[in-house]
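Here are some exercises on helix packing and sheet layout, each with a worked solution. Have the model open beside you and try each task before reading on.

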Amino acid sequence: MVPPAAPPAFVRLAAHPLRWQLLSELATGDYRVRELVTKLGQPQNLVSYHLRLLRDGGLVAAKRSSFDGRDSYYHLDLELCGEALTDSGAALHPALRRDPAPPAPAAGRRRYRDVAVLFVCTGNSARSPIAEALLRHHTAGQVTVASAGSHPKPSLHPETVRVLRENFGIDVSGRRPRRLDTVTADRFDHVITLCDKAREVCPEFGRSARHTHWSIGDPAVAEHPAFERAAADIDTRVRHLLPVLAAIA
């Protein structure tokens, strides 16, 4: 008798109730261990143990906080999860294989009504203006989107202008950074911080605003390819944000 095949690795990892809870929380944004402990109501050693298993399985990555280097932010790779789900279905039956398609630019297929999004980082010269430009691009301007910085730079970083123009065909050369305190009176449905330092000082925007954190390192303090990597990471996150915004519109 042929021994039964073992379940796919993703199924074995995700099937555990606590790991599924961790995946569900990390699907909404990046969190530190102590925040996940609070959300799940479980001991820190248990949460850390299961996070390690998810990291070993490649589904979750950790990054040192730029605000407090003793802390780490955990991030879920949603695209890898999609591929793993596809492979798991195919392992059960070939007819269940589906090509994993990441959320696509949705100008002609989705409609966004009265949705407002704010992206926040420190200098408003790299990460948050990239996110603002990409969300406006992917929604064909249907979403009200802005970005601001807690300590804005005098101008956009030249690499921000270059990477958006060369990689996405977006011209932001005429844009200037803005201060966070100039938009605090505005209404936003989503407030997304992209900088660990900015997260600590970002004000609340009312009960209706959903706060999310994307822990993305400042490409301006790294080597040249950092802007390419940061823009690609932000683009992936923005594309996965699209169905979330469509659902609340």
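A crossing of two helices is called right-handed if the near helix is turned clockwise from the far one by less than a right angle, and left-handed if anticlockwise. Helices (H or I, at least four residues) and strands (E, at least two) are DSSP runs, numbered from the N terminus. The model is a predicted one, where local features need pLDDT of at least 70, side-chain atom pairs count only at pLDDT 80 or more, and totals for chains, interfaces and linings use all residues. Residues are numbered from 1 along each chain as its sequence is written, and side-chain values use heavy atoms, leaving out hydrogens and water.

**Exercise 1.** Describe how α6 passes α9.

*Solution.* Start with the axes, which are lines fitted to C-alpha atoms over the stretch in contact, with angles from 0 to 180 degrees between N-to-C directions. Those of α6 (residues 127-138) and α9 (residues 226-248) come within 9 Å and cross at roughly 45°. α6 is therefore oblique to α9 (under 35 degrees is roughly parallel, over 145 roughly antiparallel, 65 to 115 roughly perpendicular, the rest oblique). Finally, the handedness: the crossing is right-handed.

**Exercise 2.** Work out the strand order of the open sheet.

*Solution.* Strands pair if DSSP finds at least two bridges between them. The 4 strands run β5-β4-β6-β7, with parallel pairing. β5 (144-149) and β7 (210-213) each have a single partner strand, so they stand at the edges. Between β4 (residues 116-121) and β6 (residues 190-193) there are 4 bridges, and F119 stands opposite I192 in β6.
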